[in-house]
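Here are my notebook entries from an afternoon with this model. Have a look at it first, and then we can go through what I looked up.

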Amino acid sequence: MKPFNVYPLFEITPIKAKGSWLWDDHGDKYLDLYGGHAVISIGHSHPHYINRLEEQLRKMGFYSNSVQNPLQEQLAEKLGNISGYPEYQLFLCNSGAEANENALKIASFITDRKKIIAFQKAFHGRTSGAVAATDNPKIMAEFNKGHEVVFVPLNDEFAFLRALDNQVAAVIIEGIQGVGGIHVPNTDFLQLISARCKANGSLLILDEIQSGYGRTGKFFAHQHAGIKPDLVTVAKGMGNGFPMGGVLIHPDIKPWSGMLGTTFGGNHLACVAGLAVLDVIENENLMANATVAGNYLIHELEALPIITEVRGMGLMIGFDLPDEHHSVRQTLLNEHKIFTGEAKPNTIRLLPSLALTKEEARIFIEALQSCLTTLEPESK
Ligand SMILES: Cc1ncc(COP(=O)(O)O)c(C=O)c1O
């Protein structure tokens with residue numbers, strides 16, 4: 001049997017990682033500005049994270065959700081406090097898609113409605129409901145098309161108000177659109193949808209799977225707009241590589257026992273991974289670092305030639321290049337040994353660890369500068 005290739009593969013085999021760096025099987029060292037799809041929040045192989053997981057594994061790795069698990073309580077309490085949502089409930093699951101699937105399901109159960117409003121360029125995952133709320137027909141099978149989802153342009157207040165009727169169970173929106181190319185919802189727009197959802201009896205789901213966990217300098221990106229959603233979904237940076245996800249549920253929502261369930265969600269190892277991540281975010285002031293390192297990167301990117309637009313907040317950054325510079329990402333990887341992400345057609349995405357240092361950011365800017373100046377004459 002051979003493994004199914006989820007994505008096209010780079011010819012690189014990382015075997016070791018530390019902080020913002022990876023090493024391959026030839027001993028080559030790479031700067032990681034992508035964190036394996038925005039997953040590495042506190043840095044690779046953080047000693048505190050390793051110690052907590054190792055210690056827990058020696059005691060007990062797993063038991064089901066049918067017994068007391070004080071680690072879940074500790075995680076919920078710590079996440080509630082650090083995120084500013086101590087009064088919410090936490091449902092734990094295993095991935096981002098699963099978190100969104102459960103949030104959509106809760107909204108439908110609670111409102112007894114089924115229509116969903118999502119946004120153009122949205123990505124919410126690949127399970128049935130999550131992919132139906134994702135604006136990409138290529139990844140949607142016939143089976144997924146039974147859902148009632150309306151896509152509205154991001155930041156278009158009139159289109160949103162036209163779509164919002166008394167059939168709408170939920171509006172689902174990313175704190176900042178990630179896969180779609182780093183598009184930031186306007187503060188006014190977020191405030192409008194939050195107020196109108198309340199008035200309409202629809203629930204607002206904030207997908208913070210990529211934009212949350214301190215990445216934008218606040219715990220959640222939507223907190224820059226001062227709104228409080230009904231449901232917030234998290235995953236990626238939550239476990240720094242340990243697969244886990246969660247739904248934060250507003251206290252006005254009363255999910256009943258049996259509405260949601262999971263075998264692996266909230267297991268002992270996942271909880272200690274989640275606790276270790278929050279310890280490090282707190283103890284090392286990583287949210288403040290995300291603001292400082294992010295502002296530095298954005299400022300330097302804006303000063304570079306050729307780049308047509310820079311978007312984002314904190315360490316969730318996208319910048320656009322003209323068509324003729326589509327090879328920059330590959331050049332960064334091949335010649336400068338720097339991992340970055342992309343969004344089609346011409347956006348480079350930066351989603352590094354929140355512990356990125358100014359020196360590491362500088363290495364990237366100098367490499368990019370060199371790529372752009374080397375490539376410049378070819379485009380003329
Ligand atoms: C905003 C957002 N939501 C949901 C998901 C799906 O997460 P997962 O791949 O863990 O299912 C992603 C993954 O890229 C994402 O960026």
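How many residues of domain 1 are in contact with residues of domain 2? I found 24 residues of domain 1 in contact with 29 residues of domain 2, where contact puts the C-beta atoms, placed from the backbone, within 7 Å. On the domain 1 side, α9 (286–302) gives the most, with 5 residues. I sorted the domain 1 side into 13 nonpolar, 9 polar and 2 charged residues. In this sorting Ala, Val, Leu, Ile, Met, Phe, Trp, Tyr, Cys and Pro are nonpolar, Asp, Glu, Lys and Arg are charged, and the others, Gly among them, are polar.

A note on the source: this is a predicted model, where local features need pLDDT of at least 70 and side-chain atom pairs pLDDT 80 or more, while totals for chains, interfaces and linings use all residues. Residues are numbered from 1 along each chain as its sequence is written.

Next I checked the domains. Domain 1 covers 14–46 + 285–379 and domain 2 covers 47–283, with bounds from an automatic or database domain assignment. Their C-alpha centres lie 26 Å apart.

Then I turned to the ligand. Its shell has 15 residues, and Ser 95, Gly 96, Ala 97, Gly 125 and Ile 209 come nearest; near means a C-beta atom, placed from the backbone, within 6 Å. By class I noted 5 nonpolar, 8 polar and 2 charged residues in the shell.

Last, I looked at the overall dimensions. The C-alpha trace spans about 60 × 55 × 45 Å along its principal axes.

Definitions and conventions. Contact = placed C-beta atoms within 7 Å. Helix = DSSP H or I, 4+ residues; strand = E, 2+ residues; numbered from the N terminus.
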